[in-house]
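Here is a short report on selected side-chain and backbone features. Please keep the sequence and model at hand while reading.

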Amino acid sequence: HEFHYRLFESMLSGRDLHATLSSSSSSKNSNPQWRRIFQAQVFKDVAMAEKIHRVLSSSSSTIEQRDENDGGTTNSGDDDDEQVVVIAGNGHVAHYQGVPSYVLERHPDLVSRTCVVTSHSQNSNDDQADDDGQVILSRRKIPDLFDSLCVGPRGANPADFLFVFDNVQDGEEHKYNVKSSPSPHVSNTTTSDNETSKAETQKAYDEIGSTAHLTGNTIRAKSILSYLGYSKKQIDSLVDSGDAYNFQGVGNPHLHANIQRDEAVLDIGSGLGIDSFLAAQSVGDDGMVVGVDLSAKQVQHAQRRAKERGDHVNTRFVAADMEQLPFPSNSFDVVISNGAFCLAPDKEQAFREIFRVLKPGGRMSVCTTTVKSSSSNDSGAA
């Protein structure tokens, strides 16, 4: 749906949504790359909606079976007490696009009993504080905020309930942020679209990095890691150290990397450090592991965890762009990556950088999501 795509594009580009939708030539001027990314977005929406549909169908079957067992005497009001809560990003639920759209299409009886709740951050630099130091969103900014979030006619709401929270600015300089010089292979004509995409990615994963210290679901993490082929030894080490639930990958690069002792390993898109920690165990104290991530917040967490784990002797993390790696040529024996290439705007350039920093005869093991066949609708509409 074009409306859904425009909402998705606005989240990446920061365009004025009203102007975008009112433009008759907006479809012609849209970014082809974002159209392709949107197809992946729709794929995730449909997958989530299918899972929710199965849960709802299973629940309905259970209620019907219970009614039969009770001879039809069950209070019909009991059914209304059962609630299903779906947690997803704003891009998957705002304006009832994506997941809600697909679910309610198959369960129209739930329309009147469904609500969407979204949250949005705002900077408090220009806002006032009360006597207790609590920041108050100034009245003059409320209309501006809603204008920036609404699509279509003025006053249209992105959700039934909208929470606005303060985006804390700690002002802390990122110790491990590396300002790299462009590789000689990198063109100076990098498009602003690519830079915008990277900025959005960095912002999203900085938010993840800022909450990485919170305890997660270790049981689910073990199940996912086992499904992806990580060994029991690897999984147990991550569980014992309390890092398993911070896994972010889409596969298992260790299956094909064949990392040996004393080797130098580069982990591109190292995230919160999980695969880097496992690589550190493989190379030993005389080897070296360097994790690279666009998010400085994730780099900070990974570096702190490396020190706490005792891996800091042979492991370090830097914030850098995978398309402009801040390392000399012929530096690494192995390059691994787990999910980062999904987010690289210029994948060809990223692979050039891998080739550049690998030693002659070096190896790479890259896990990424791919499209097995072209969509029946290449325009990106779903």
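Lys-232 is exposed, with a relative accessible area of 62%. Exposed means over 50% relative accessible area, buried means under 20%, and partly exposed lies in between (1.4 Å probe, protein chains only). The model is predicted: local features need pLDDT of at least 70, side-chain atom pairs count only at pLDDT 80 or more, and totals for chains, interfaces and linings use all residues. Residues are numbered from 1 along each chain as its sequence is written, and side-chain values use heavy atoms, with hydrogens and water left out.

Lys-232 forms a salt bridge with Asp-236, and the closest N and O atoms are 2.7 Å apart. A salt bridge here is a side-chain nitrogen of Lys or Arg within 4 Å of a carboxyl oxygen of Asp or Glu. Both residues lie in helix α11, 4 residues apart, about one turn of the helix. Helices (H or I, at least four residues) and strands (E, at least two) are DSSP runs, numbered from the N terminus. Asp-236 is partly exposed, at 26% relative accessibility.

## Other salt bridges

The whole structure holds 13 salt bridges. One of them joins the side chains of Asp-243 and Arg-305, at 2.7 Å from N to O. Asp-243 sits in the loop between α11 and α12, and Arg-305 in helix α14 (residues 296–309), so this pair ties together parts 62 residues apart in sequence. Asp-243 and Arg-305 are both buried.

Glu-353 and Arg-356 also meet through their side chains, with 2.8 Å from N to O. Both lie in helix α15 (residues 347–357), 3 residues apart, about one turn of the helix. Glu-353 and Arg-356 are buried as well. Elsewhere, a network of salt bridges links Glu-195, Lys-198, Asp-321 and Glu-323.

Asp-293 lies in strand β6 (residues 288–293).

The side chain of Asp-293 does make a polar contact of 3.3 Å with that of Gln-298. A polar contact is a pair of N or O atoms within 3.5 Å; within protein, one must be able to donate a hydrogen and the other to accept it, and residues adjacent in sequence count only if both atoms are side-chain atoms.

## Aromatic pairs

There are 5 aromatic pairs in the structure. Among them, Tyr-230 and Phe-247 pair edge-to-face, 5.6 Å centre to centre with 80° between the planes. This pair links distant parts of the chain: Tyr-230 is in the loop between α10 (218–227) and α11 (232–241), and Phe-247 is in the loop between α11 and α12 (254–257), 17 residues apart. Tyr-230 is buried, with a relative accessible area of 5%. Phe-247 is buried too, at 14%.

The rings of Phe-277 and Phe-317 are also edge-to-face, with centres 6.0 Å apart and planes at 80°. Phe-277 is in helix α13 (residues 274–283) and Phe-317 in strand β7 (residues 315–319), so this pair links distant parts of the chain, 40 residues apart. Phe-277 and Phe-317 are both buried. Rings of Phe, Tyr and Trp (its six-membered ring) pair if their centres lie within 6.5 Å; planes under 30 degrees apart count as stacked, over 60 as edge-to-face and the rest as tilted.

## Backbone features and a helix cap

Tyr-96 has a positive phi of about 60°, although it is not a glycine. Tyr-96 lies in the loop between α6 (90–93) and α7 (99–106) and is partly exposed, with a relative accessible area of 25%. Asn-330 has a positive phi near 60° and is likewise a residue other than glycine. Asn-330 is in the loop between β7 and β8 (332–338). At 47% relative accessible area, Asn-330 is partly exposed.

Asn-217 caps the N-terminal end of α10, where a side-chain oxygen lies 3.2 Å from the backbone nitrogen of Ile-219. Just after α10, Gly-229 takes a positive phi of about 95°.
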